[in-house]
Amino acid sequence: MSDKQQWEAIANHSKFIELKRKKRNFLFTWWIISTIYYLLLPVISGYFPEAFRIKVIGPINFGYLFILSQFVMAIGVAIYYAHVANKTFDRLTKQLLEALQ
Amino acid sequence: MKKRIAALTVALSLSMFGAAAVCAEASATAAAPQVAAPAAAVSPAAAPASAAASQVAAPAASVAAKAAVAPAKGGAAPAKITPNRGITIGMFALIIAVTMGVVIWAAKKTQTASDFYTAGGGITGFQNGWAIAGDYMSAASFLGMSGLISLYGIDGFMYAVGPMFSFIAILLVIAEPCRNAGKYTLGDILCFRSSPKVVRGVAALSTVTVSIFYLIAQMVGAGKLMQMLLNIPYRVSVIGVGALMVAYVVFGGMKATTWVQIIKASLLMGATTVLCLLVAIKAGFNPVRFFTDVVSNGAIQEHVRMNVLKDVIAKPGVDYGQRFLEPGLFLKNPLDQISLGLAWALGAAGLPHILMRFFTVPSAKDARKSIIVALFLNSSFFFMISVIGFGAALYLTPQAISAVDKGGNMATLLLAQHMGGGAGSLGGDIFLAFICAVAFATILAVVSGLVLAASAAIAHDVYVNIIKDGKADQQLQVKVARITSLFVGTSAIVMGLMAEKENVVALVALAFAVAASGNFPVIMLSLFWRKFNTAGIVSGLVVGTISALTLVMVSPVMTYPKKIAADAKKVVETLEKKQAGGTVLAEKEVQALEKSRTEYVKNKDGKSMVGLDAPIFPLKNPGIVSVPLGFLAAVFGCLLFRERRAEEMFDEIDVRQNTGIGITSAADH
């Protein structure tokens, strides 16, 4: 088999297709969701500043908490991704490599 | 050979340090050192700090004059910060000695091209995480961001979100695929299934452009920072920082660069944690009490009312203290914020010196781990910086901070001095000296990574793969890489010296805009789109880069002499009117009048770099326009010139990037 055919064979392997589909769905979904949440920050602070002024605890307002929530969101997405990648993606990759041998 | 390298390294570092120390002593006695707003211009987060940082260097006396003229009456403030020279120079020497030790150790282990560019893939995920975090912890975030928070409250904190969030795109769609499919440079990832020579050429050009812009901004920032902190003349600082940077990269390659970055990141994290803890202890670990103190602080209320909102008479119903925790004091244009947000979310993933870091770990799994470690570190770093910023406002007052530096860049340093026991006390001196030394280490580490990225593009992409067709043995490759680094480093020093008076904020904006609009779209499409090809890469890189460059050139971040002239004229008119009214001007006011007059004459007929009187494009950050343009150009270019080979080869890159099969590692060399 030529090099090209070898790559093609792997690309059409059922395990690879499963891995690729799961990865794409997960990565792009979470990337888009987190980016929308992230862009809400300049949008709300720029166009709806009064929302950020609402006091929640003492002088601490919604704006401050929303900024903190961005940190929580990013760390949350990262931990969730690491969990899924370690559990699902790495396992599927291993299975594919085993099937190819 | 090894011994010679080691000896040379030591000699170089000692001589440069000696020169710096001598000049420093000499300048200590010199009159009125030049003061400018430095740290803000030192890195990614610089774009934000731009508006706060005055770009015009002014004699110290007139800065003090401005502070005195300002309506602030927040108590007598020391208008200068004076670190203890002996202690500070001692700490600088210690940092130089430790990092030089690292270089000597790393030089022994750098034998092949892979060692030089990627430390042989032998960095662990955890170590790489610290190094990546270090790339983000620049002097701009350490000094500039806390300063911005101390003067403008929550708007400064909002700037921390972009750098922090930029890890998400890197983690999800860039790091692992690039680790799996790449080798040393951006060109390696892009040229996989396209015409390699053309693509490598364009990618190298883009890498060098981004890195050099960024590098010059850092060099200028370093020079001004050292000048402000220790009265070391600008030229000496730039040459000194440059010499160290060249020594790190030329002899130690990626291994030394990485370890310098790790050392600096740990120092910075340590210093930040201690400072943040001291603020927290003072506030009794009670955030509600802390913020209640902030909003009810008389000096902060007056600062917001008089200096920021310029309400001479308090408007009824406005709580000026609470306003400090509300957005809109510094950031005025929502569209600009969205544009900046976009540049951060995508641009960081396209920065060549960040991209290069993924190749230093052995596998995609380690790349993943390194991003997660970096995200943790940077999130806590930025959070602590916000505590330091608010703490500085509360315990030092914004008036005292802006009296030392208008942009607030000295807030962290002042707070360190205050928390250590105040000016003149031993604790204050030691803590201040330590923070100065950390800021110095920060600059050194960031510039080294940039030199390495630019050199890799020239040596690996242009020389080895275009000129030599990839036929060069390891020894030659390393030699070429070292010579290129020396050349890039020297050029950076020369450009840094020439750019002393340049507007460095524009340079940083440029670097980021090019990375987001040129590099990011083509990396994404190369990895994920079957039809993508040579024409798409070239048109995407060219259009993305040129549109970003053009828009920045005509944007408000450039210097417009007519505007400076108009501002100077206003000062002249105000003071002349006062004079005409019979008031005798104070000495400081006379000086200000003289200065504004010369400034007016100097600038009244000037034009911006591209010959404009006023900006054409309204936004400081072109991302919102240039990123879509870059993507569109890449897509159209590729559809216009279909390439069968590129489509057929997609299977290979698809399998490689998803699984890591055929990964290029140190073992292959």
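## Annotated spans in chain A

Helices (H or I, at least four residues) and strands (E, at least two) are DSSP runs, numbered from the N terminus. The model is predicted: local features need pLDDT of at least 70, side-chain atom pairs count only at pLDDT 80 or more, and totals for chains, interfaces and linings use all residues. Residues are numbered from 1 along each chain as its sequence is written, while chains are lettered from A and ligands numbered from 1 in the order in which they are written.

In an unreviewed UniProt entry, residues 26–48 and 60–82 of chain A are listed as "transmembrane region". UniProt positions follow the numbering used here, feature names are shortened, and annotations may be inferred rather than shown by experiment. For residues 26–48 of chain A, the content is 96% helix and 0% strand, with 31 Å between the end C-alpha atoms.

## Contact between chains A and B

The contact takes 45 residues from chain A and 42 residues from chain B; two residues are in contact if their C-beta atoms, placed from the backbone, lie within 7 Å. On the side of chain A that touches chain B, two or more residues each come from helix 1 (3–11), helix 2 (14–47), helix 3 (49–53), strand 2 (60–61) and helix 4 (62–100) of chain A. Helix 2 of chain A gives the largest share, 17 residues.

By residue class, this side of chain A has 30 nonpolar, nine polar and six charged residues. Ala, Val, Leu, Ile, Met, Phe, Trp, Tyr, Cys and Pro count as nonpolar, Asp, Glu, Lys and Arg as charged, and the others, Gly among them, as polar.

## B:Val308

B:Val308 is in helix 14 (residues 298–308) of chain B.

Leaving out residues up to four places away in sequence, B:Val308 touches B:Tyr152, B:His303 and B:Leu329. The C-alpha atoms of B:Val308 and B:Phe330 are separated by 8.3 Å, at 22 residues apart along the chain.

## Positive phi in two loops of chain B

Most residues other than glycine have a negative phi. B:Phe285, not a glycine, has a positive phi near 55°. B:Phe285 is found in the loop between helix 12 (234–282) and helix 13 (287–295) of chain B, and is exposed, with 10 C-beta neighbours inside 10 Å.

B:Asp469 is not a glycine either, and its phi is positive at about 55°. The loop holding B:Asp469 runs between helix 21 (426–467) and helix 22 (474–498) of chain B. B:Asp469 counts as exposed because 10 other C-beta atoms lie within 10 Å.

Notes: Buried ≥ 20, exposed ≤ 12 C-beta atoms within 10 Å, placed from the backbone.
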